[in-house]
Structures are given as C-alpha cells and as structure tokens.
Amino acid sequence: MKTVGTKSQQQASPMPTAKYRPFLDVNPIELPDRTWPTMRITKAPRWLSTDLRDGNQALIEPMDPARKRQMFDLLIELGYKEIEVGFPAASATDYDFVRHLIEDNAIPDDVTISALTQSREDLIHRTIDSLQGAKNATVHLYNATAPTFRDIVFRADRDATRELAVSGTREVLAYAEKVLDDDTIFGYQYSPEIFVDTELDFALEVCEAVMDVWQPDAGREIIINLPATVERTTPNVYADQIEWMSRNLSRREFVCLSVHPHNDRGTAVASAELAVMAGADRIEGCLFGQGERTGNVDLLTLGMNLLSQGVDPEIDFSHVDHIRRVVEQCTRMDVHPRHPYGGDLVYTAFSGSHQDAIGKGMARRERDVAAASGDETAVPWDVPYLPVDPHDLGRTYEAIVRVNSQSGKGGVAYLMSSTRHLELPRRLQIELSQIVQRHSEAGGGEITAESLWQIFADEYLPAATAKGLKPWGRFALRGTTVTTADDGEHATLTVNLKDGRADRVLAATGNGPIDAFVGALSQIGIEVHVLDFAEHALSTGGDATAAAYIEAEVDGQVLWGVGIDPSITTASFKAIISAVNRAVRDASLH
Ligand SMILES: CC(=O)SCCNC(=O)CCNC(=O)[C@H](O)C(C)(C)COP(=O)(O)OP(=O)(O)OC[C@H]1O[C@@H](n2cnc3c(N)ncnc32)[C@H](O)[C@@H]1OP(=O)(O)O
Ligand SMILES: CC(C)C(=O)C(=O)O
C-alpha cells in the first residue's frame with residue numbers, strides 16, 4: 001500500500017532575515033529557576049486605564065474635551081480606580097481637561113488620576129499645577145533608558161540617563177511639596193521607557209536610584225512601571241524580565257510593580273498575563289487595545305480572560321456593546337468584528353459543525369439549569385465553541401448562530417428554535433437545511449432569521465402566507481368536524497377541503513383522527529402513509545398554539561409536512577396537507 005504523507009514543501013523565502021537579530025542575543029537573560037510558569041492568577045491585578053493618554057495620543061483625531069469626558073465617565077462607570085487622564089504639559093486641551101475633571105468634581109473619592117510627564121522641569125511644573133485640588137493624584141515620570149535611545153535620541157551615557165530620572169523625581173517631589181495642598185494624596189510612578197530593551201542591571205540601577213529619592217515605605221508606595229514600549233519578544237521573555245526585576249528590586253513590599261505592554265507582535269495579552277504570573281501587581285492598558293501603533297494591551301480581553309477562569313475582573317463588562325459604542329464614538333475608530341469578547345461576530349457561528357455543537361450545548365445547558373431550579377450559576381459554563389456565556393456581556397443568544405452556505409442543519413434548527421420556538425425533528429432539519437442551502441448558494445449571502453422563516457413558511461406553510469395559497473398548493477384545509485367522538489381507537493371525520501377550485505366534503509373513519517384524515521384523502525386518490533409524527537406546544541395559556549410535523553410517503557415520495565394551529569389535531573391535519581401539497585408540487589415539476 002502506498003502511504004501518503006504530509007511532507008512540507010516549504011522553501012526559504014526572499015524575506016530579509018539577516019537584517020534582524022534574535023532578541024535574546026542582544027538582551028540575554030539568565031533565570032533558570034524562574035517560578036512564573038507554574039503560577040496561577042487567582043485575583044485581578046490593579047488596573048490602570050491609559051485610554052485618555054496612551055490611547056488618545058495614538059488617535060488620528062485626538063479626543064476633544066466632550067469625548068474625553070465621555071470616556072472618563074465610561075471608565076468610572078466600569079469601575080476603574082486608576083486612570084491616566086493625559087499629558088497635561090503637552091497641550092492646553094490636556095491641561096484644561098484635567099482642570100475640568102477636578103473643578104467639576106467628576107473624580108470619585110476612590111479614584112486616582114495620574115498625569116504623565118517627561119523629566120523636564122517646565123513640564124513637571126505644569127503637570128503638577130494641573131493636579132492642584134485633586135483628592136488622589138499621581139505624577140508619572142518617564143525617560144528612555146534603552147541603549148538605542150541613549151545613543152540616538154538622548155546622546156547620553158548610563159550616568160546621565162540615570163541622572164535624568166533622579167533629577168526629575170527630585171523635581172516632582174520638591175514642586176509637589178510646594179504647590180499641592182495637604183488634602184491631596186499624592187503618589188509617584190516612574191517608568192524606564194523601553195524597559196524591555198534596557199539592560200536589566202541598568203533598569204534596576206535607575207529604578208533603585210529613583211526609589212532612593214522617593215523613599216518608598218509603609219503608606220508611601222512607589223509605582224515602578226516596566227513598559228514593553230515596543231513589544232519585541234515572546235511573552236515568556238517579558239515574564240522572565242519581570243520576575244527578575246521583582247526578585248531584585250529592594251523595598252519590594254512598598255513597590256507596586258506595574259507593566260505596560262504594547263501589542264507589536266500581537267501577544268500583549270499573553271505578555272501581561274505572564275507578567276502577572278511573574279510578580280506584576282498592576283497592568284496598564286486600554287479598552288479594545290487602543291494605543292500607539294498596534295495598541296496597548298486590551299483591558300477588556302484581560303478582564304474577560306479572568307472571568308472565563310472564574311476570577312472576578314473587578315470591572316463591569318456586562319454591557320459590552322455599550323462599552324464598544326462609547327469607545328468607538330470617543331476614538332472615532334471601529335472595533336474589529338472579530339475583536340475578542342466585544343466584536344460583532346465573536347459569538348457567532350456560521351459553520352455547520354460549530355452550529356450543531358452549540359445548539360446541542362445550549363439545549364443541554366437549558367435542561368441542566370432547569371434541573372437546578374433555574375440557577376444559572378449552579379451550572380458551570382460548558383458550551384462547545386463558546387468560551388464565555390454571551391449573556392454575561394449583555395449579548396443575546398439570537399446572534400450566536402447565523403446561517404450561510406457553510407451552515408448545516410444544526411444552525412438552521414437552532415435559529416428555528418431560538419427565534420420561532422419550533423423544535424424540528426432531525427430528518428426535517430436535514431430536509432430544510434438542504435432547501436436553505438440552495439437559497440444561500442443562489443443568493444451567495446447570509447440567511448437571516450427572518451429570511452429563514454420566509455423560506456420555511458413558503459415551503460411548508462403555504463396557506464399561512466399573506467398571499468394565501470402558493471400556486472403549487474393544491475389543497476387547503478377549510479375545516480374538519482369530528483362527527484363521532486374520538487375514543488382513542490376510532491374517529492369519524494368530516495373534512496372540508498378546498499381542492500384547487502373545487503370544494504370537497506369528505507367523510508371517513510379510522511383508527512384515530514390522523515388515520516381517518518388519511519382515509520378521507522385516499523377517497524380523492526391521494527395515498528398518504530404516515531412514517532413519523534412529532535408535535536409540541538408553542539406557547540401556554542388560552543391561545544396556546546401547537547406545531548405538528550409529519551413525515552409521510554405520498555404517492556411514492558417521502559417528505560415532511562408542517563402544521564401550526566391552536567388545536568394539536570388540526571395542526572397534524574395541516575401537516576399532512578403540507579406534505580401532500582409539496583408532493584403534488586414536486587410531482588408536477590417532473
Ligand atoms: C512611550 C510614550 O508613549 S511616551 C509619551 C509620549 N507622548 C507624547 O509625546 C505626547 C505629548 N508630547 C508632546 O506634546 C511634546 O513631545 C512635548 C510638549 C511634551 C514636548 O515637546 P518639545 O519640547 O517640542 O519636544 P519634542 O516633542 O520634540 O521632544 C523631544 C525632546 O525631548 C527630549 N525628551 C524626550 N523624552 C524625554 C523625557 N522623558 N525626559 C526628558 N526629555 C525627554 C528629547 O531628548 C528631545 O530633546 P532635544 O530636543 O534636546 O533633542
Ligand atoms: C510612558 C510609558 C509608560 C509608555 O507609554 C510606554 O513606554 O509605552
């Protein structure tokens with residue numbers, strides 16, 4: 001027997017490999033006894049939203065004061081307690097916005113605002129001036145410490161770079177002491193910018209020198225923020241760097257170790273999560289991953305990743321569409337439809353096997369929750385293909401399954417059930433999905449729940465359409481009267497039928513109403529053998545409606561009919577008529 005393997009045919013590409021260097025060759029790190037790989041995240045880290053600073057500075061059209069305020073109010077509503085509100089020394093807009101927040105009493109007492117500044121005296125002064133009157137305020141000072149920046153941007157050696165951080169910290173302390181009143185609880189944050197490219201021993205040296213000025217102690221925390229200003233390596237290397245710093249920083253108990261991942265390699269979320277496992281206490285990011293270039297780490301994804309593990313994110317994401325709308329309005333940028341947790345399509349399955357599994361999973365869950373007296377939280381979430389329950393983010397189930405040419409019976413059945421409460425028997429699902437498939441292939445696009453219903457009604461319920469009978473519907477049931485009481489074994493019926501243009505009144509007896517009905521039809525030459533039958537109620541109460549499904553052999557053709565009626569018996573007669581009409585139509589087409 002010939003074995004067919006999957007040998008790769010890949011070849012060297014023309015891409016300029018020699019131009020780039022492996023990160024670890026340039027920034028080696030030795031941490032053979034790293035502990036982070038076995039750590040678990042069991043509590044939310046402290047979050048800082050930098051939507052109004054890093055997010056805003058990266059926008060094509062930065063937010064105007066009204067949009068900034070809208071974003072700030074959203075962050076408060078969601079529960080963020082640390083918010084970087086801008087770079088007040090950069091522009092009058094940023095400065096005035098900080099003043100507006102303070103003067104408008106818009107900052108809750110349990111929220112700390114922070115403001116970013118370079119290590120330049122005039123900028124530090126203006127930054128601190130902007131914070132006057134705030135209850136909780138942090139100044140965030142940064143300078144680049146990585147060799148490329150020392151060399152190219154600052155033309156400064158290590159000593160001068162460290163000195164810039166130290167002198168800036170001194171200036172912050174001195175000026176804050178001078179201008180801020182005693183009611184302001186003042187904090188300090190320092191970031192060695194491009195931390196990931198900075199030699200670890202030097203990053204540590206600069207942070208220690210800054211701490212020597214600030215003198216962290218009990219009740220006098222310092223935030224040391226270690227940014228992946230540009231994401232340059234796999235998340236495990238960032239985790240090693242964070243664990244190394246966490247182990248080597250002195251006065252560690254007074255340090256809030258913060259991370260600030262960007263997403264240049266598309267792995268900011270993983271970097272942030274591994275960094276927390278490696279000892280980070282706090283994460284800075286933006287909603288929906290706004291921010292410079294490929295963005296800051298996405299706070300929504302991080303929070304929801306926690307929830308999906310049963311860890312409280314301490315942020316309310318229960319109305320994700322509202323959050324997305326506000327963020328889109330403020331940033332004037334669209335959220336990608338596949339954005340984790342918040343995109344339009346992220347709880348939607350088009351493909352058949354996914355829809356099938358979701359449909360079964362949702363049905364199982366419904367049963368399990370009912371068995372737990374309706375307690376949703378008593379049943380762990382375990383629905384195939386859905387990492388979290390869309391309801392938890394305020395999404396409805398209707399959008400989960402959408403039908404196109406990739407869909408199978410599961411999706412069709414799910415939509416019929418979720419939007420019309422019709423529980424189609426399995427073989428009817430197959431029959432209907434083939435009909436739907438033909439429509440979607442012909443139309444090329446999505447079949448919405450509404451158009452699916454139209455296809456279904458046109459096919460199985462011709463009498464139910466607004467236009468009355470379709471041209472191919474030969475029979476319509478005018479009414480039936482049980483002339484002899486149905487004793488469960490025998491029934492005698494009078495059937496009032498429209499047959500084309502003629503009216504017919506037929507009487508027949510059989511083993512129950514369906515048998516009698518079939519007997520009546522055979523009097524006008526229509527031979528029906530019922531092969532399968534299912535029924536269920538559609539609603540409860542006085543106007544309860546029933547659905548009946550009949551698989552029948554009609555003049556040699558096997559096909560389904562559907563009937564819907566307040567009476568279950570009439571629904572089953574209608575289902576037979578539906579099957580007969582379809583058979584007559586199909587026979588006349590041949
Ligand atoms: C990674 C980050 O996201 S950091 C935040 C970045 N955000 C921003 O820059 C937005 C706001 N910034 C601005 O509006 C402006 O840059 C301002 C107002 C702060 C400063 O403007 P300017 O004085 O015109 O300086 P410019 O923007 O050209 O900055 C470059 C100068 O600042 C110096 N500089 C840059 N960063 C720092 C720093 N952290 N500390 C001290 N000096 C710095 C550079 O060495 C350079 O100095 P040089 O002119 O002597 O070569
Ligand atoms: C100021 C710092 C924290 C920053 O934004 C970055 O390094 O990306």
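Visitor: How do the residues of the shell around ligand 2 divide into nonpolar, polar and charged?

Guide: The sorting counts Ala, Val, Leu, Ile, Met, Phe, Trp, Tyr, Cys and Pro as nonpolar, Asp, Glu, Lys and Arg as charged, and the others, Gly among them, as polar. Here the shell around ligand 2 holds three nonpolar, five polar and two charged residues. Please keep in mind that this is a predicted model, in which local features need pLDDT of at least 70, side-chain atom pairs count only at pLDDT 80 or more, and totals for chains, interfaces and linings use all residues. Residues are numbered from 1 along each chain as its sequence is written, while chains are lettered from A and ligands numbered from 1 in the order in which they are written.

Visitor: Which residues surround ligand 2?

Guide: A residue is near a molecule if its C-beta atom, placed from the backbone, lies within 6 Å of it. Around ligand 2 these are Asp54, Leu116, Tyr142, Ser191, Glu193, Asn225, Pro227, Thr229, His260 and His262. Strands β5 (185-193) and β6 (222-228) each give at least two residues to this shell. Strands are DSSP runs (E, at least two residues) and helices are runs of H or I with at least four residues, numbered from the N terminus. His260, one of the surrounding residues, sits in strand β7 (residues 255-261).

Visitor: Which residues does the UniProt annotation "binding site" cover?

Guide: UniProt positions are given in the numbering used here, with shortened feature names, and annotations may be inferred rather than shown by experiment. In this unreviewed entry, "binding site" covers Asp54, His260, His262 and Asn296. They are spread over 243 residues of sequence, yet they cluster in space, with a largest C-alpha distance of 10.3 Å. UniProt also lists residues 45-321 as "domain: Pyruvate carboxyltransferase", again from an unreviewed entry. That span is 44% helix and 19% strand, and its end C-alpha atoms lie 24 Å apart.

Visitor: How many residues surround ligand 1?

Guide: There are 17, and the closest are Phe87, Ala90, Gln118, Ser119 and Asn143. By class, eight are nonpolar, five polar and four charged. The elements α2 (51-57), β4 (136-144) and α6 (147-154) each supply at least two residues of this shell.

Visitor: In what order do the three strands of the open sheet stand?

Guide: Strands pair if DSSP finds at least two bridges between them. The order is β12-β13-β14, with antiparallel pairing. β12 (528-537) and β14 (557-565) are the edge strands with a single partner each, so one side of each has no neighbour in the sheet. Strand β13 (residues 546-554) pairs with β14 over nine bridges, and Ala548 stands opposite Gly563 in β14.

Visitor: What do β10 and β11 form?

Guide: They form a hairpin with two residues between them, and Gly500 in the turn has a positive phi of about 65 degrees. Strand β10 (residues 491-499) and strand β11 (residues 502-510) pair in the antiparallel sense over nine bridges. Thr492 stands opposite Thr509 in β11.

Visitor: Finally, how many helices and strands does the protein have?

Guide: The protein has 18 helices and 14 strands. Its C-alpha atoms fill a box of roughly 105 × 70 × 40 Å, taken along the principal axes.
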